[in-house]
Amino acid sequence: MVNDKDFAFAGLLPDVVINAIESLGIYPSSGLLPLNSYENRVYQFRCDEGMRYVAKFYRPYRWSNAQIEEEHLFSQQLLDDEVPVVAPLKVSGQSLHEYEGYRFAVFPSIGGRAFEPNDLDDLERLGRQIGRLHQVGKKDAFKARESLDIQRLLSESIDELQQSQLLPRELEAAFWAILSPLAETLQTFAWDSLTYQRLHGDCHIGNVLQYDTELTFVDLDDCRMGPAIQDLWMMLNGSREDQTCQLDALIEGYQDFCNFDKKEIAFIEPLRGFRLIHYMAWLSKRWQDSAFQRAFPWFSEARYWESQILALKEQRAALDEAPIKLGY
């Protein structure tokens, strides 16, 4: 049984991965191709019958069995309602399996490329797909999975950063001089005034694949209860004018399937500020995992923290601006 609470993938050797997959009656005939994943370990392979699959081994202790099973149920409900998403296979009636202390699931490997919207019509199409996802999400609620509790998560992130040994000592004063007031401001927003529903939770362009004209959502590992805007704001980039046009297009498509509460627009910049802090804390918390050190070597460099001080200042200024105003 795995003992290391935070970084427990040392024992997940290739023979363990293969034996786990074969325990389900699926026999890899190709090598294991590691896919980009940091919280979990994910491998693509081809079986002896020619089909391609993806095996996902969950980071020990991160989610409970009940939380993972709710993720799987949500993805299946989306498929049942014809919302394109990747859902795990069921073997002997189960989608979550265990082998030598590691919990894992096997998914079909789908074709496609990263979705890159070229114009506002593409964003409207994406908004329509998110609306379809939320239409299903509103039909039930998560009971085991976490909610997007900004105030709690923000406090936990600050605690992690205060304990981190990676922030250069010479930058500590400047870093906390801007992060502390930003965090205090974020805590004052009326987060409990928002309506929460089941979300993708980490809905950004990298988690949307395109095959021909179909858009497919992948990686529901962070699905949770939260406000609708959480699955929309990360699609925005560029100047304020650009973001206004982008949001307008997203919401136009979204409202083909779901009503959108415009008051949530005022939470876009606060959510961006929260993610900025939470992302740094996430990297700090996982830093002893060698996969993080390989993928994010710049995190331990002074120039990264210098850039973050500037980003925090810009984000603090953004909170003082009026929210984006939609065209309708």
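Reader: Which residues does Thr216 contact, leaving aside its neighbours within four places in sequence?
Author: This is a predicted model, and what follows should be read with that in mind. Thr216 belongs to strand β9, and it is buried because its relative accessible area of 9% is under 20%. Leaving aside neighbours within four places in sequence, its contacts are Pro84, Val85, Val86, Ile110, Asn207, Val208 and Leu209.

Reader: In what order do the strands of the open sheet with β9 run?
Author: The pairing in this sheet is antiparallel, and β8 and β9 are joined over 4 bridges. Within that pairing, Tyr211 stands opposite Glu214 in β9. The edge strands, each pairing on one side only, are β6 (113-114) and β9. The sheet has 3 strands, in the order β6-β8-β9.

Reader: Which residues does UniProt list under "active site"?
Author: The annotation comes from an unreviewed UniProt entry, and such annotations may be inferred rather than shown by experiment. The listed positions are spread over 18 residues of sequence, yet they cluster in space, with a largest C-alpha distance of 8.2 Å. The residues that the entry names are Asp202 and Asp219.

Reader: Is Asp202 buried or exposed?
Author: Asp202 lies in the loop between β7 (197-199) and β8 (208-211). Beyond its neighbours within four places in sequence, Asp202 is in contact with Asn207, Asp222, Asp231, Met234 and Arg275. Its relative accessibility is 13%, and because that value is under 20%, Asp202 counts as buried.

Reader: How does Asp219 count in terms of accessibility: buried, partly exposed or exposed?
Author: Asp219 is found in the loop between β9 (214-217) and β10 (224-226). Not counting residues up to four places away in sequence, Asp219 touches Lys56, His200 and Asn207. Its relative accessibility is 38%, which lies between the cut-offs of 20% and 50%, so Asp219 counts as partly exposed.

Reader: How many disulfides does a search of the whole structure find?
Author: A disulfide is a covalent bond between the sulfur atoms of two cysteines. For Cys203, the closest cysteine sulfur is that of Cys223, and because the two sulfurs are 12 Å apart, they are too far for a bond. Cys203 is itself buried, with a relative accessible area of 1%, and Cys47 also counts as buried, at 3% relative accessibility. Over the whole structure, the number of disulfides found is 0.

Reader: What kind of aromatic pair do Phe74 and Phe142 form?
Author: The count of aromatic pairs comes to 24, and in the one formed by Phe74 and Phe142 the rings are 5.5 Å apart centre to centre, with 85° between the planes. The pair links distant parts of the chain, with Phe74 in helix α2 (residues 65-80) and Phe142 in the loop between α3 (120-137) and α4 (150-163), 68 residues apart. Phe74 is buried, with a relative accessible area of 0%, and Phe142 counts as buried at 9%. Because an angle over 60 degrees sets the class, the pair is edge-to-face.

Reader: Which charged residue sits over the ring of Phe142?
Author: A charge over a ring is found at Trp63, where Arg145 lies over the face at 4.5 Å from the ring centre. For Phe142, the charged end that sits over the ring is 5.7 Å from its centre, and it belongs to Arg198.

Reader: How far apart in space are Arg316 and Leu179, C-alpha to C-alpha?
Author: Arg316 lies in helix α9 (residues 302-318), and it is partly exposed, with a relative accessible area of 23%. Leaving aside its neighbours within four places in sequence, Arg316 is in contact with Ile178, Pro181, Leu182 and Thr185. Arg316 and Leu179 are 137 residues apart in sequence, while their C-alpha distance is 8.7 Å.

Reader: Which domain does UniProt place on residues 34-261?
Author: Over residues 34-261 the chain is 35% helix and 17% strand, and the end C-alpha atoms are 40 Å apart. The name again comes from an unreviewed UniProt entry, which annotates this stretch as a domain called Aminoglycoside phosphotransferase.

Conventions. Residues numbered from 1 in each chain as written. Predicted model: local features only at pLDDT ≥ 70, side-chain atom pairs only at ≥ 80, totals over all residues. Heavy atoms only, no water. Helix = DSSP H or I, 4+ residues; strand = E, 2+ residues; numbered from the N terminus. Buried < 20%, exposed > 50% of the residue type's maximum accessible area, 1.4 Å probe, protein only. Contact = heavy atoms within 4.5 Å. Disulfide = S-S within 2.5 Å. Phe/Tyr/Trp six-rings, centres within 6.5 Å; stacked < 30°, edge-to-face > 60°. Lys NZ or Arg CZ within 6 Å of the ring centre and 35° of its normal. Pairing = 2+ DSSP bridges.
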